[in-house]
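Have a look at the sequence and the model before reading on.

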Amino acid sequence: LMEKISSSRPLGVEPELDCGWRSVTFDHAQTVQPWIKNDTAKLRALWDALELSALCNETFPSDKREMARMTAPIPYAEDDKAALFVDPVNGDDDGKGSRDSPLKTLAKAVDMHRAFGIQRIVLLAGTHHVLTPVVLTSQDSGLSIEGEDNAVISGGVPLTVQWAPRGDKDGIFVAQLSD
């Protein structure tokens with residue numbers, strides 16, 4: 001029996017189908033185990049366990065740009081026009097960062113820039129409330145943060161209050177603030 005087992009490929013399965021499933025497994029593992037995305041050693045171990053080189057003649061990415069293209073959660077462009085989009089109203093920090101599935105916060109976009117090497121962040125229209133500092137360092141050199149029309153970055157805290165006239169004072173309004 002051992003002579004018939006020469007690889008982990010199931011008997012009778014076409015190599016194209018088998019390699020396709022192995023590639024999908026590699027991609028999906030990074031979704032269910034997000035901590036491996038930035039760990040080249042763990043990604044390499046997963047790659048080797050799936051035998052993507054041995055059975056599928058695939059080459060493990062040799063540099064950061066190739067790795068970003070392979071693991072990027074958004075459509076990755078070959079040129080520097082690839083961008084992460086941030087929408088303060090309709091965005092979601094679990095989104096892909098594409099125009100159709102934008103992120104919600106600038107902080108998440110900066111995190112994704114660092115993880116995937118995407119050098120352009122586009123702030124879509126609206127007020128982007130930055131409640132904690134976004135610290136940029138030398139590792140962010142080359143990063144472009146651009147705003148579309150009517151995009152505003154605000155360090156102010158958004159308030160939801162009910163304004164009411166202040167008794168006898170004409171044109172003066174007051175609001176009760178909570179902690």
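In which helix is R22 found? R22 sits in helix α1, where helices (H or I, at least four residues) and strands (E, at least two) are DSSP runs numbered from the N terminus. This is a predicted model, in which local features need pLDDT of at least 70 and side-chain atom pairs count only at pLDDT 80 or more, while totals for chains, interfaces and linings use all residues. Residues are numbered from 1 along each chain as its sequence is written, and side-chain values use heavy atoms, with hydrogens and water left out.

**R22 and its surroundings**

- R22 is buried, with a relative accessible area of 9%; buried means under 20% relative accessible area, exposed over 50%, and partly exposed in between (1.4 Å probe, protein chains only).
- The side chains of R22 and D18 form a salt bridge at 2.7 Å, N to O, and D18 is buried as well.
- A salt bridge here is a side-chain nitrogen of Lys or Arg within 4 Å of a carboxyl oxygen of Asp or Glu.
- Because R22 and D18 are four residues apart in helix α1 (residues 15-32), about one helical turn separates them.
- Setting aside neighbours within four places in sequence, R22 is in contact (heavy atoms within 4.5 Å) with S8, R9, L50, E51, L52, L55 and C56.

**Other salt bridges**

- How many salt bridges does the structure hold? There are seven salt bridges.
- R44 pairs with D48 in a salt bridge whose closest N and O atoms are 3.1 Å apart.
- Both R44 and D48 belong to helix α2 (residues 40-49), where they are four residues apart, about one turn of the helix.
- R44 has 34% relative accessibility, so it counts as partly exposed; D48, at 41%, also counts as partly exposed.
- Another salt bridge joins R99 and E148, with 2.9 Å between the closest N and O atoms.
- This pair links distant parts of the chain, 49 residues apart: R99 is in the loop between β1 (84-86) and α5 (106-116), and E148 is in the loop between β4 (144-147) and β5 (151-154).
- R99 counts as partly exposed because its relative accessibility is 46%, and E148 counts as partly exposed at 32%.
- Through salt bridges that share partners, D18, R22 and E51 are joined into one network.

- Is D140 buried or exposed? D140 has a relative accessibility of 6%, so it counts as buried.
- D140 lies in the loop between β3 (126-129) and β4.
- The side chains of D140 and H113 make a polar contact at 3.0 Å, that is, a pair of N or O atoms within 3.5 Å; within protein, one must be able to donate a hydrogen and the other to accept it, and residues adjacent in sequence count only if both atoms are side-chain atoms.
- Not counting residues up to four places away in sequence, D140 touches V110, H113, R114 and V135.
- The buried residues in α5 include L106, A109, V110, M112, H113 and F116.
- These residues cover an arc of only 165° around the axis, so they are on the same side of α5; the arc is that of the directions from the helix axis to the C-beta atoms.
- G117 follows α5 and has a positive phi, near 75°.
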